[in-house]
Amino acid sequence: MFSIEPKDIGTGKLHQYLLGSIGPRPIAFASTIDEQGKPNLSPFSFFNVFGANPPVLIFSPARRGRDNTTKHTFENAKKVDEVVINVVNYDIVQQMSLSSTEYGEGVNEFEKAGLTMLKSDLVKPFRVAESPVQMECKIVDIIETGTEGGAGNLVICHVVKIHVKEEVLDINGYIDQYKIDQVARMGGNWYSRARTGMFEVPKPLSTLGIGVDTMPEEIRNSKVLTGNDLGKLGNVESLPDESEIQDFKKHEAGVAELVENKNQEKIHKQAQRYLEQDEPMKAWKILLAK
């Protein structure tokens, strides 16, 4: 057996061993605001429930291992002691992943990920309308476990109100574990879908994805493309230029005919097929072709 003492390896390598070993991990999709009321949304898989009386959730926006900086969520939590923890299911996993891109301070991840801000009842941060369960929380304590890169920051929250979509309830009024269709984080790019098993979601680009909010309205409001489709489209760094689009239209079988017929539904379905094949640039080319 291969054995390791943490002091003998670097933090980054240790981090990968820990995350590869401990999983699947539930995801706290945490919504906070800063002192100026600007929203922030980010997922954290160092998270779980720790009690029911009082109802306690704890998540950890850890210090970045590469440069020991802290995350906007952590800074917000220290200044505004409220958070909404939204449950992540399969329907929003791509948008959740896109929101984890490290956009600059003040950028609204709700908009970048194409998610809907829903006003909370008892706290200031917004809920994620697409989430099947949204928990409004008061932050009662923050415990910093260290001062070096990779150290955890335990944000201890008391749940003050829970919102559950009726569509995930069973006949007795409890959450149906099949209907809620939760996902959890594993090591590397891997996730687990509770009701079917493992699947892979590539991490957002190290550079900034364009985000859902920059897309043309007819794409954002498509009746064909799902939230996951939009999340994949929003994770590209830049759009293809006109010459690339025309070259694609000329050489990709069937594309020219689709575009010339101007049937938006068929065009969007073909784009969706490209996305299912993990070819987002092809999807963009057919969506932008004229």
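## Strands side by side

In strand S8, Lys138 is the bridge partner of Glu82. Glu82 belongs to the pairing of strand S5 (residues 82-86) with S8 (residues 133-144), an antiparallel pair joined by five bridges. Strands here are DSSP runs of E with at least two residues, and helices are runs of H or I with at least four, numbered from the N terminus. Two strands pair if DSSP finds at least two bridges between them.

S8 also runs antiparallel to strand S9 (residues 153-164), with eleven bridges joining them. Here Gln134 has His163 in S9 as its bridge partner.

## About the model

This is a predicted model, where local features need pLDDT of at least 70, side-chain atom pairs count only at pLDDT 80 or more, and totals for chains, interfaces and linings use all residues. Residues are numbered from 1 along each chain as its sequence is written, and side-chain values use heavy atoms, leaving out hydrogens and water.

## Out at the surface

Let's turn to Phe2, found in the segment before helix H1 (11-21). Is Phe2 buried or exposed? Phe2 is exposed because its relative accessible area is 61%; exposed means over 50%, buried under 20%, and partly exposed in between, using a 1.4 Å probe and protein chains only.

## A loop residue

Gln182 sits in the loop between helix H5 (177-180) and strand S10 (183-185). With 27% relative accessibility, Gln182 counts as partly exposed. Arg193 is eleven residues from Gln182 along the chain, and their C-alpha atoms are 6.1 Å apart.
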